[in-house]
Amino acid sequence: MRDRSFLRSPAILVWLLAVSACSPPPDPRRTNFEIKTKDLYAKYDSKTGRLKKIDIDADKNGKMDTFSYWDGTRLDRIEIDRDEDGRIDRWEHYDEKNKLTRIGSSNKDDQVEDTWSYPDAQGFLMRVESDLDRDGVLDKRETFEPRPGVPDGRALVMVELDFDPAGRPGLRMHYNPDGSFLKSEVLR
Ligand SMILES: [Ca+2]
Ligand SMILES: [Ca+2]
Ligand SMILES: [Ca+2]
């Protein structure tokens with residue numbers, strides 16, 4: 001699905017932003033800084049009154065699956081348990097304008113992020129980075145560019161490997177937009 005825009009379900013984001021805009025919280029003497037409905041749970045900071053967390057049951061099957069972390073109306077991240085097995089498997093990180101900056105996933109499904117996808121300004125896949133041995137140094141970076149003649153298409157044009165601790169790649173492989181190999185570069 002890497003050819004396609006991966007800005008997932010904007011409806012959920014719109015819904016979350018609408019809920020967050022409802023802060024300050026309802027009367028805390030009655031609600032204890034919480035809002036609870038069948039498919040939504042919102043928690044506010046008891047000192048500042050600022051929104052802290054919204055959990056939702058996005059597919060409305062009775063089980064919470066989408067957990068978002070806030071500071072007032074500023075969204076920090078959304079954690080999603082897509083298969084509802086109790087373990088987070090997708091992390092969406094947002095910037096100060098509540099814009100999606102990267103999506104994390106866990107190769108071992110053990111709730112540790114080790115792969116990150118970055119969107120471009122239009123929401124299409126621009127870059128994938130992974131650190132599968134989880135030593136804090138990237139193992140691989142893949143770069144995507146628009147596919148000529150296919151507005152929604154993205155082609156893998158570069159793979160970088162052999163990163164040093166400063167994050168510099170030692171090897172670069174370049175590909176043509178049709179997928180054929182172009183050239184490799186040894187950088188050290
Ligand atoms: Ca659910
Ligand atoms: Ca899961
Ligand atoms: Ca690594």
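Guide: Of the 188 residues of the protein, 14% count as buried. A residue is buried if 20 or more other C-beta atoms lie within 10 Å of its own, exposed if 12 or fewer, and partly exposed in between, with C-beta atoms placed from the backbone. This is a predicted model, in which local features need pLDDT of at least 70 and side-chain atom pairs count only at pLDDT 80 or more, while totals for chains, interfaces and linings use all residues. Residues are numbered from 1 along each chain as its sequence is written, and chains are lettered from A and ligands numbered from 1 in the order in which they are written.

First, the setting. The C-alpha atoms fill a box of roughly 65 × 40 × 30 Å along the principal axes. The domain assignment gives domain 1 (1-83) and domain 2 (106-188); such bounds come from an automatic or database domain assignment. The centres of the two domains, taken over C-alpha atoms, are 31 Å apart. The secondary structure comes to two helices and 13 strands. Helices (H or I, at least four residues) and strands (E, at least two) are DSSP runs, numbered from the N terminus.

Now the core. A nonpolar core is a set of buried Ala, Val, Leu, Ile, Met, Phe, Trp, Tyr and Cys residues joined through C-beta atoms within 7 Å. The largest one here has eight residues: L16, A42, Y44, L51, I54, I56, W70 and L75. Two or more of these residues come from each of β2 (40-44) and β3 (51-56), and β3 gives the largest share, three residues. In soluble globular proteins, nonpolar side chains tend to be buried together.

Two strands pair if DSSP finds at least two bridges between them. β2 and β3 run antiparallel and have five bridges, one of which joins Y41 to D55. They form a hairpin with six residues between the strands, and G49 in the turn has a positive phi of about 75 degrees. T37 has L40 of β2 as its bridge partner, and the hairpin of β1 and β2 has two residues between the strands.

Two residues are in contact if their C-beta atoms, placed from the backbone, lie within 7 Å. Leaving aside neighbours within four places in sequence, L75 is in contact with L16, S68, W70, Y94 and N98. L16 and W70 belong to the core too.

Of the other contacts, Y94 ends strand β6 (residues 90-94), which is joined to the antiparallel strand β7 (residues 100-105) by four bridges. W91 is bridged to G104 in β7. N98 takes a positive phi near 60 degrees in the hairpin of β6 and β7, where five residues lie between the strands.

From β7 the pairing goes on to β8 (residues 115-119), again antiparallel, through three bridges. Here G104 has W116 as its bridge partner in β8.
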